[in-house]
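I opened this entry to look up the ligand site, the sheet and the helix packing. The notes follow in that order.

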Amino acid sequence: MARKPANASFGETAAIPIGGMAALQILRSGNIRRGDGVLIYGASGSVGTYAVQLAKCYGAHVTGVCSGRNLDLVRSLGADEVMGHTKEDFRKNGETYDVVFDTVRKIKGSGCKRSLGEKGVFISTWSPTRESNEDLIHLKELVEAGKVRPVIDRTYPLEEVMEAHRYVDKGHKRGNVVITVVGDDRA
Ligand SMILES: NC(=O)c1ccc[n+]([C@@H]2O[C@H](COP(=O)([O-])OP(=O)(O)OC[C@H]3O[C@@H](n4cnc5c(N)ncnc54)[C@H](OP(=O)(O)O)[C@@H]3O)[C@@H](O)[C@H]2O)c1
C-alpha cells in the first residue's frame, strides 16, 4: 500500500501498481546507466509505457517499438527514437543497444543477440516480480514529480467488466484500462 499521488485521479492511481512495479523491477535488473541505449519492445502497453518513462528517468537513450498508430504516444512519453514494429525489425537494422526489454513477451532473447552490444542484456516480462511498498512509494513520488504519468486507454464501469476484458484480450490497449467501482473519479 501507498498513498495515492496527490496529482492523480483514483483511476490513474489504480493504473500504477501492476504495470509500474513490473517495469521498475525488471528494468532494475538491466542495471541501466546514464547514456545507455535502451530499446523498449511493446512500448505502448501498460508495462511498456512505464518502461519508456522510467528508462528516461535513469538517463537512458530510449528507443520505443510499437505499431504506427502509437508512435506519437510513445514519443510523448519521452522516447528519443520510435520505431513501428510492423514496418521495421530492430533486429535487422544493424543498431545495438545496452538493454532490450521485451515488455509484451513477443520476441526471444536469442533472436536479439546481434542487437545487443558486448555487455548488452535482454530482459522481459517473463521475469518474476513482487509487491513492494518501497517501489510503490517511489512510483508515487515520480508521478507527483511529473516524471511518470499513467496512460489510460479506456475506463469502464464495473457493470461492463466483461466488455473491458474483451477489449484488453485483443492485445492492443494503449497503457491501461480502468474499471470504476463508483461513478465518481475525482482526484
Ligand atoms: N512479470 C510481471 O510481474 C508482469 C506484470 C505485468 C504484466 N506482465 C506481463 O507482461 C506482458 C505485458 O503486459 P501489459 O499489460 O503491459 O500488456 P498490454 O498493455 O496488454 O500490451 C498491449 C500492447 O502490446 C502491444 N503489442 C501487441 N502485439 C505486439 C507486437 N507483436 N509487437 C509489439 N507490440 C505489440 C500493443 O501495441 P500495438 O497495438 O501498437 O501493437 C499494445 O499497446 C503480459 O504478458 C503480462 O502478462 C508481467
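I counted a polar contact as a pair of N or O atoms within 3.5 Å; within protein, one must be able to donate a hydrogen and the other to accept it, and residues adjacent in sequence count only if both atoms are side-chain atoms. The model is predicted, so I note that local features need pLDDT of at least 70 and side-chain atom pairs pLDDT 80 or more, while totals for chains, interfaces and linings use all residues. Residues are numbered from 1 along each chain as its sequence is written, and side-chain values use heavy atoms, with hydrogens and water left out.

**Ligand.** For Thr-129, a side-chain N or O atom is 2.3 Å from a ligand oxygen. Ser-67 places a polar side-chain atom 2.4 Å from an oxygen of the ligand, and for His-172 the corresponding distance is 2.8 Å. The protein buries 79% of the 930 Å² that the ligand exposes when taken alone (Shrake-Rupley method, 1.4 Å probe; for residues, only the protein chains shown count as cover).

**Sheet.** I took helices (H or I, at least four residues) and strands (E, at least two) as DSSP runs, numbered from the N terminus; two strands pair if DSSP finds at least two bridges between them. Five strands form an open sheet with parallel pairing, in the order β3-β2-β1-β4-β5. β3 (81-84) and β5 (116-124) each have a single partner strand, so one side of each has no neighbour in the sheet. I find five bridges between β4 (residues 97-102) and β5; Asp-102 has Ser-124 of β5 as its bridge partner.

**Helices.** I used axes fitted to C-alpha atoms, for helices over the stretch in contact, with angles from 0 to 180 degrees between N-to-C directions. Contact means heavy atoms within 4.5 Å. Helix α3 (residues 46-57) lies across β1 (37-41), β2 (61-66) and β4, at about 170 degrees to β1. α2 (residues 17-28) packs on α5 (residues 133-144) at about 105 degrees, with axes 10 Å apart. I therefore list α2 and α5 as roughly perpendicular (65 to 115 degrees; under 35 is roughly parallel, over 145 roughly antiparallel, the rest oblique).
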